[in-house]
Amino acid sequence: QASVHRYAAEKFVPKGNSFALHGGSEGIYSSPPEPDVNESSPGDAFIRFEKIVFRRPSELSNFSSGSVHAIVFEANDMETIGGSAYGGQRAICCTSDLSKQGFCKEGEIICRPSELNPGWPQVFGVPFDVDQLDTTLESKSIRITRTGMYNLYFIHCDPRLRDVTVDGKTVWKNPSGYLPGRMAPLKNFYGFMSLAFFLLGIFWFSQYARFWKEVLPLQNCVTLVITLGMFETALWYFDYSEFNETGERPIGITLWAVTFGAVKRTVAQMIILTVSMGYGVVRPTLGGLTSKVLLLGGTFLVASEVLEVIEHVGSVSDLSGKARLAFVLPVAILDAFFILWIFKSLSSTLNKLQVKKKKKKTILRIRFT
């Protein structure tokens, strides 16, 4: 979802002496300075709340409650939220000890103004009245005037509201579009790479047509890699362009881009491995090694595809360390196996060429190594 975060009956979880729900984190570049900070023009950077509704069960509606808050803060202002009495454990909600010291009102969220960013953190809250099953947070836009990593949390301090859920969405926008800050440079990068692959393709295919009678099977594989690269980079450019325009990832384009990329990397790895084995130079065929190369390539393709899909379509960064490792480790191991096999094969091929005293081919293989 990235820059459009949707909430569908999301539940709060206990965090210390509070109940919290993480609403999102995005890097946002600052808006250009404008006199009216309450309006959001198309070129602005903002975080917008749309139809945020808090709901509670009917059996827990016979009382009025404290507010359920939405807190937006920049990462450097994290220490302004919460506090501790006498240097003890940090609390988000005001405790009786802190209340006695005059720092806050018991049962409310502790939040101090930022010294770095005047007017921040931004805190909004709505209470539940007696017999009220749902309460709506006012729709509003927060204009971003300072570049940083912004975080949103929904928090309340009332244990009786432990079963409250959140519905609605928030929209996070950079000045250049809806791409999150960490992804913003990728649109231009893949635009440049698409052009680079296009120029490479023109050169390669012109040479291919010129010397088509002398083309080797391996050069057909290189042609495939260049073609896959052209499709991959073009698809990524369209993916990030659409993402930037709408704020939601075009899943279909993303899946195709991921697939073309995984196939391209697999074919490239297999080409390097077969060349290292001496295919086309020392040996006319790979013989019994063909099935092993195809097996390794197929396994690498599946592992790469799964990792890339989860990373770009899912949220691999939000997974726990063990879950993330389960997807990253197979690709890393297979990649390492490819590298070891490549250099072992190169060494063996070089030895054969030196024994046969084929100097030109030996020099070529040394440069390749």
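This is a predicted model: local features need pLDDT of at least 70, side-chain atom pairs count only at pLDDT 80 or more; totals for chains, interfaces and linings use all residues.
Student: Which domains does the assignment give?

Tutor: Domain bounds come from an automatic or database domain assignment. Here the assignment gives domain 1 (3-173) and domain 2 (183-368). Their centres, taken over C-alpha atoms, are separated by 45 Å. Four residues from domain 1 and five residues from domain 2 take part in the contact, where contact means heavy atoms within 4.5 Å.

Student: What area is buried between domain 1 and domain 2?

Tutor: The size of an interface is often given as the accessible area lost when the parts come together. Buried area is that loss, found with a 1.4 Å probe and summed over both parts. Between domain 1 and domain 2 it is about 300 Å², and carbon and sulfur atoms give 44% of this area.

Student: How many salt bridges are counted between domain 1 and domain 2?

Tutor: A salt bridge requires a side-chain nitrogen of Lys or Arg within 4 Å of a carboxyl oxygen of Asp or Glu. The count between the two domains is one. In the model, a salt bridge joins the side chains of Glu248 and Arg6 (2.2 Å, N to O).

Student: Is Thr223 buried or exposed?

Tutor: Buried means under 20% relative accessible area, exposed means over 50%, and partly exposed lies in between (1.4 Å probe, protein chains only). Thr223 counts as buried because its relative accessibility is 11%. Thr223 lies in helix α3 (residues 217-246), helices being DSSP runs of H or I with at least four residues, numbered from the N terminus. Leaving out residues up to four places away in sequence, Thr223 touches Trp204, Phe205 and Tyr208.

Val222 is also found in helix α3, but Val222 is partly exposed because its relative accessible area is 26%. With the same exclusion, Val222 touches Trp204 and Ile271. Val222 and Trp204 are 18 residues apart in sequence and 9.4 Å apart in space, C-alpha to C-alpha.

Student: Which residues make the nonpolar surface patch?

Tutor: Patch residues have over 30% relative accessible area and no salt bridge; like charges are joined within 9 Å, and nonpolar side chains (Val, Leu, Ile, Met, Phe, Trp, Tyr) within 5 Å. Accessible areas come from the Shrake-Rupley method with a 1.4 Å probe, and for residues only the protein chains shown count as cover. Leu195, Phe198, Leu199 and Ile202 make a nonpolar patch of about 400 Å². Phe198, in helix α2 (residues 184-210), counts as partly exposed because its relative accessibility is 45%.

Notes. Residues are numbered from 1 along each chain as its sequence is written. Side-chain values use heavy atoms; hydrogens and water are left out. Helices (H or I, at least four residues) and strands (E, at least two) are DSSP runs, numbered from the N terminus. Buried area is the accessible area (1.4 Å probe) that two parts lose on being put together, summed over both.
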